Amino acid sequence: MVEIPETHPRYRSLRTRELLVEGIEKGITSKAGLIAHGRGEMFDYLIGEKTIKTAERAEKKSVKVLYDAEDPVISINGNVAALVPKGVVSLADRVEAKLEVNLFHRSEERISSIEDILKDKGAEKVYGREADAEIPGLDHDRALCAEEGIYSADVVLAPLEDGDRAQALKEMGKKVITIDLNPLSRTARNANITIIDNIVRAVPNMVEYEPLDEDFDNSKNLSQTLDLMCERLKNLSKEL
Ligand code: PTJ
């Protein structure tokens, strides 16, 4: 990994990129994961690269929903495993959730590498290697899942998704929580709770935050997020 000096003005962002490059070298992250991250970075600029209040609310509500769930599962892909492996293990411990590897670019080697890194960070059991069930209505590898994991979960935290799985999981009667910097993505619009925040901030927040015991309207929260992005752009434009 390239050493980034801590004094560099974009230290955090560049270090995050390096984690993904390292993820590719270790066989954890897919090459498409780099492109996905670039798209995320662009939206992160629009929120000022910090946790905005609508994200904080969604994170707190997600902690509550995960706590109250009977059988919650956190779905792990190659970007999540490279960026926050320790964080997702801590979150799973906190809310008593299962961890399941579920990949768009699925290969046995990548599943094993991700399972190893999660176990190295303290996970006892990781689902996903054995795909003995299928999410109905999906005709790509993300349909493959564990019967005792995502298939039978009541709440699924599925960060950095690629589109139609959130809808398919909802059609199975599950609550879906996502972390996605793009408020316009199909996943962001389909989830029950959408956290518009960088996963490198969102997951550590969720390990710490107290659960929010109030009503939560995801559409309203998303629309307020778009308003905050617009406001920020207008303010920046005035500064020029
Ligand atoms: O590891 P695999 O094979 O399962 O593949 C994972 C990726 C992420 C490559 C795959 O799911 C994919 O192609 O995803 P998309 O369609 O690019 O969607 C990913 C979403 O995550 C986009 O809306 C991005 O804006 C968002 N995103 C990217 N990086 C971050 C992020 N959201 C939060 N934090 C990030 N760091």
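Helices here are DSSP runs of H or I, at least four residues long, numbered from the N terminus. The model on screen is predicted.

**Stop 1: helix α3**

Select residues 53-68, which make up helix α3. Now show the side chains of glutamate 56 and lysine 60. They meet in a salt bridge, 2.8 Å from N to O. Glutamate 56 and lysine 60 sit four residues apart in this helix, so about one helical turn separates them. Glutamate 56 is partly exposed, at 29% relative accessible area. Lysine 60 is also partly exposed, at 24% relative accessibility.

Which of the two partners is buried or exposed? Lysine 64 counts as buried, at 18% relative accessibility, whereas aspartate 213 is exposed, at 63%.

**Stop 2: α1 to α2**

Select arginine 17 and glutamate 41. Their side chains meet in a salt bridge of 2.8 Å, N to O. Arginine 17 belongs to helix α1 and glutamate 41 to helix α2 (residues 31-46), so the pair ties together parts 24 residues apart in sequence. Arginine 17 is partly exposed, at 41% relative accessibility. Glutamate 41 is buried, at 14%.

Next, pick Asp44, Asp197 and Arg201. A network of salt bridges links these residues. The whole structure has 13 salt bridges.

**Stop 3: a surface patch**

Return to helix α1, residues 11-25, and select valine 21. Together with Val21 they form a nonpolar patch on the surface, with about 260 Å² of accessible area. Valine 21 itself counts as partly exposed, at 32% relative accessibility.

**Stop 4: the cores**

Hide the surface and select Ile74, Ile76, Val88 and Leu118. Within the largest nonpolar core, of 42 residues, these touch the most other members. Centre on isoleucine 74. Its contacts beyond four places in sequence include Val88, Leu91, Leu99 and Leu157. A second, separate core has 15 residues, among them Ile135, Ala143, Cys145 and Val156.

**Stop 5: the whole fold**

Zoom out. The protein has 10 helices and eight strands. Its radius of gyration is 17 Å, close to the 18 Å that the globule rule gives for 240 residues, so the protein is as compact as a globular protein of that length. Along the principal axes, the C-alpha atoms fill a box of roughly 55 × 45 × 35 Å. Of the 240 residues, 52% count as buried.

Terms used:
Residues numbered from 1 in each chain as written. Predicted model: local features only at pLDDT ≥ 70, side-chain atom pairs only at ≥ 80, totals over all residues. Heavy atoms only, no water. Patch = residues over 30% accessible without salt bridge, like charges linked within 9 Å, V, L, I, M, F, W, Y side chains within 5 Å. Areas by Shrake-Rupley, 256 points an atom, 1.4 Å probe, with all protein chains shown as cover. Salt bridge = Lys/Arg side-chain N within 4 Å of Asp/Glu carboxyl O. Helix = DSSP H or I, 4+ residues; strand = E, 2+ residues; numbered from the N terminus. Buried < 20%, exposed > 50% of the residue type's maximum accessible area, 1.4 Å probe, protein only. Rg over C-alpha atoms; globule rule 2.2 N^0.38 Å. Core = buried A, V, L, I, M, F, W, Y, C linked by side-chain atoms within 4.5 Å. Contact = heavy atoms within 4.5 Å.
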